[in-house]
Protein chains: 2
Amino acid sequence: MLSSAVCSFMLMKLGVNSGFSARNCMWASPAAFRRQEFLIRCLGGYSDQGYQGKMQKVKSIGQPTSEADGEKILRAITPTLDPSKHKGQAGKIAVIGGCREYTGAPYFAAITALKIGADLSHVFCTKDAAPVIKSYSPEIIVHPILEESYSVRDEEKRSTAGKVLAEVDKWMERFDCLVVGPGLGRDPFLLDCVSEIMKHARQSNIPIVVDGDGLFLVTNCLDLVSGYPLAVLTPNVNEYKRLVQKVLSCEVNDEDAHGQVLSLAQRICGVTILRKGKHDLITDGETVRSISIYGSPRRCGGQGDILSGSVAVFTSWARQVVSASDWHTSISPRNPTMLGCIAASTLLRKAASLAFREKKRSTLTTDIIEYLGRSLEDICPVS
Amino acid sequence: MLSSAVCSFMLMKLGVNSGFSARNCMWASPAAFRRQEFLIRCLGGYSDQGYQGKMQKVKSIGQPTSEADGEKILRAITPTLDPSKHKGQAGKIAVIGGCREYTGAPYFAAITALKIGADLSHVFCTKDAAPVIKSYSPEIIVHPILEESYSVRDEEKRSTAGKVLAEVDKWMERFDCLVVGPGLGRDPFLLDCVSEIMKHARQSNIPIVVDGDGLFLVTNCLDLVSGYPLAVLTPNVNEYKRLVQKVLSCEVNDEDAHGQVLSLAQRICGVTILRKGKHDLITDGETVRSISIYGSPRRCGGQGDILSGSVAVFTSWARQVVSASDWHTSISPRNPTMLGCIAASTLLRKAASLAFREKKRSTLTTDIIEYLGRSLEDICPVS
């Protein structure tokens, strides 16, 4: 079973979208496995021995996690500002979230994307949430298209879901990254629609950053991200606990935080996980990096939304530059989602530390957002 | 009658939730009283003689009220900021208020909680009020669930009330404190729903700070808070007058402000009262403290909402630290609601004085809120 999971994961790493879900990989036939193994070899992938050895190496319990050079990576993936570029080339991000109860979270993620340097930031939310999110900022394009159960009669659900999906699909190909979850809520009908949106994004090879209620959805339906190397999960302490319980059938073990988060990423067949905490741990099932510089002791709600918006932008930038001929070969790791997470964690911590230095105990998420630009400039000056 | 009221109050102080309401305590049988007296002795409570003597002492008319060392208390109950903590551990506050007419008051209370250092701040309000309150700040989580009479047909009231209560109950256990009243309005159906919310909060031992229209509700239904030591009433001059008239059947007597507020707290069986005025008077029926430092001569509307939000945060912090082994034994009083009121009064006065120094006659509540962080830092520096 592990072998077929690993196989699917490697296929994905190599850019082969096999439609191989977690359930599939758990029950793949030996024949199917052999076919995939052959394909990987043809594509110049791993040898069985080498990969197993690598897995054993990184799985060793208690191994110290190496601190990523977040600032260096951030500088390496941030595009130069070039007057000849046109609108959209620095990134188009979409946040799927915002419902009757929650409007702040999708705003935080979307405005963060713009403040970091994306050109366009969209929010797809419910009709109730849209006017409020629009009122926070005229910079964000807000689509009032999602529906919650209370606003849809049972006999209309099928056609409504179709309309929602068609509306998002009109835009899908334009986006460089989706953020799924900030302020999404847990309405079953809404989550069903969002599941379909995620499937379409995946078919289009668009990176998906999953946070908040998106993690609730994914924890209950791992197939949505399993085996998709462009999926990033950004769990906080409680979300991580639920993921570990569901996927690894055990409790969180902080004495082997490194090994456990690595196992988790492997078991979800190669998604990237950014485990938020005192030190952020980032893994794609191959390597683990930690980010522990800077930071703030304030834990006001909304900081996770800054992070998910940042991961989206940096991941889309990293995808562009990693494949470019002039990519810094000294940069490690090379996986764009890993690079995106490392840069995002570094930037959020820097901005939070600057905001906290000024605002102390009264630091709020909006204060941190105001320091994103200054933090970027400190790390990666424009000129 | 006084004895049974005192008895119920003492039971509550000792942590015995007897379900003994004001009406019950007014009509308790001699046998019931003896059983409770016995229980108090078993719990190591007062002796008749000692307690009566204490009551006589604190009830003496004209006794000078001791000024609380508000800054010392604020420092003692404010938690240290620790990077290993996670979101929610510094407090989760909910404000029940906000209707078609009033939207500013619940916002002021909720944003104050965040500015002081709580991690999450919720508002439960009517559907009309929600988009407006949300638009004031993306930091606050606003639940549009309360209903006023005009929007509910008579035959639907029962089921609607059930839905409202179920919705709040989903969240109740997560909250460290409720603030009931800012911008609540006086719609009878809405107040009936809020009464039920208060009963559920009480069953869950969640502190309740009652202000504004919440005090109108409570004055007409004392059972809601009577005998509940985690209830805090924060009346202004008019609200205090109505309380005194209703509970003590007399007029406000400023010559014996100390004795009268003490009697009032005793007659409501041990709630904590913060009587706002030139000097704030704070009592739980046992001791009275005053806060008269700092302050501002501006009386713009909304300052009471800052106070109620502050009391909520400081009370929840005080509850945590008073029971901790390293609690400063030199701090007096020890009742968390008293400590919360003293810290909140001190902080608001400090922030108001700083805002007034800058803005003079044009000082508004939002200006004072902007000084909460600086005031906290002056009194209780982060490092």
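This report walks through the sheets, helices and a few individual residues of a predicted model.

## Ground rules

Residues count from 1 along each chain as its sequence is written, chains are lettered from A and ligands numbered from 1 in the order in which they are written, and side-chain values use heavy atoms, with hydrogens and water left out. As the model is a predicted one, local features need pLDDT of at least 70 and side-chain atom pairs count only at pLDDT 80 or more, while totals for chains, interfaces and linings use all residues.

## Chain A at a glance

Chain A comes to 16 helices and 10 strands; these are DSSP runs numbered from the N terminus, with helices being H or I of at least four residues and strands E of at least two. Of its 383 residues, 60% count as buried, meaning under 20% relative accessible area, with exposed being over 50% and partly exposed in between (1.4 Å probe, protein chains only). Take the contacts between residues at least 6 apart in sequence: 70% of them join residues at least 24 apart. Contact here means heavy atoms within 4.5 Å.

An unreviewed UniProt entry annotates residues 70-379 of chain A as "domain: YjeF C-terminal"; positions follow the numbering used here, feature names are shortened, and such annotations may be inferred rather than shown by experiment. Over that stretch, residues 70-379, the chain is 48% helix and 13% strand, and the end C-alpha atoms sit 10 Å apart.

## The sheet in chain A

Chain A has an open sheet of 10 strands with mixed pairing, in the order β1-β10-β9-β8-β7-β6-β5-β2-β3-β4. Two strands pair if DSSP finds at least two bridges between them. At the edges are β1 (66-67) and β4 (141-146) of chain A, each pairing on one side only. Strands β2 (residues 92-96) and β3 (residues 120-126) of chain A run parallel and are joined by 5 bridges; A:Lys92 has A:Leu120 as its bridge partner in β3(A).

Helix α7 (residues 129-136) of chain A packs on this sheet, touching β3 and β4 of chain A, and its direction makes about 150° with that of β3(A). Helix α8 (residues 157-172) of chain A lies across β3, β4 and β5 (177-180) of chain A, at about 150° to β4(A). Axes are lines fitted to C-alpha atoms, for helices over the stretch in contact, and angles run from 0 to 180 degrees between N-to-C directions.

## Chain B: around β3

In chain B, 10 strands form an open sheet with mixed pairing, ordered β1-β10-β9-β8-β7-β6-β5-β2-β3-β4. Strand β3 (residues 120-126) of chain B pairs with β4(B) in the parallel sense over 5 bridges. On β2 (residues 92-96) of chain B, 5 bridges join that strand to β3(B), again parallel. B:Phe124 shows up in both pairings: B:Ile96 has B:Phe124 as its bridge partner in β3(B), and B:Phe124 has B:His143 as its partner in β4(B). Because 7 of the 7 residues of β3(B) are buried, the strand is largely enclosed by the rest of the structure.

Helices α9 (residues 188-203) and α10 (residues 213-220) of chain B pack at about 80°, with axes 11 Å apart. That makes α9(B) roughly perpendicular to α10(B), a label for 65 to 115 degrees (under 35 is roughly parallel, over 145 roughly antiparallel, the rest oblique). The contact uses B:Leu191, B:Val194, B:Ser195 and B:Met198 of α9(B), plus B:Phe216, B:Leu217 and B:Val218 of α10(B). These residues divide into 6 nonpolar, 1 polar and no charged; Ala, Val, Leu, Ile, Met, Phe, Trp, Tyr, Cys and Pro count as nonpolar, Asp, Glu, Lys and Arg as charged, and the others, Gly among them, as polar.

B:Pro381 lies in the segment after α16 (372-379) of chain B and counts as partly exposed at 43% relative accessibility. Its C-alpha atom is 8.8 Å from that of B:Arg75, 306 residues away along the chain.
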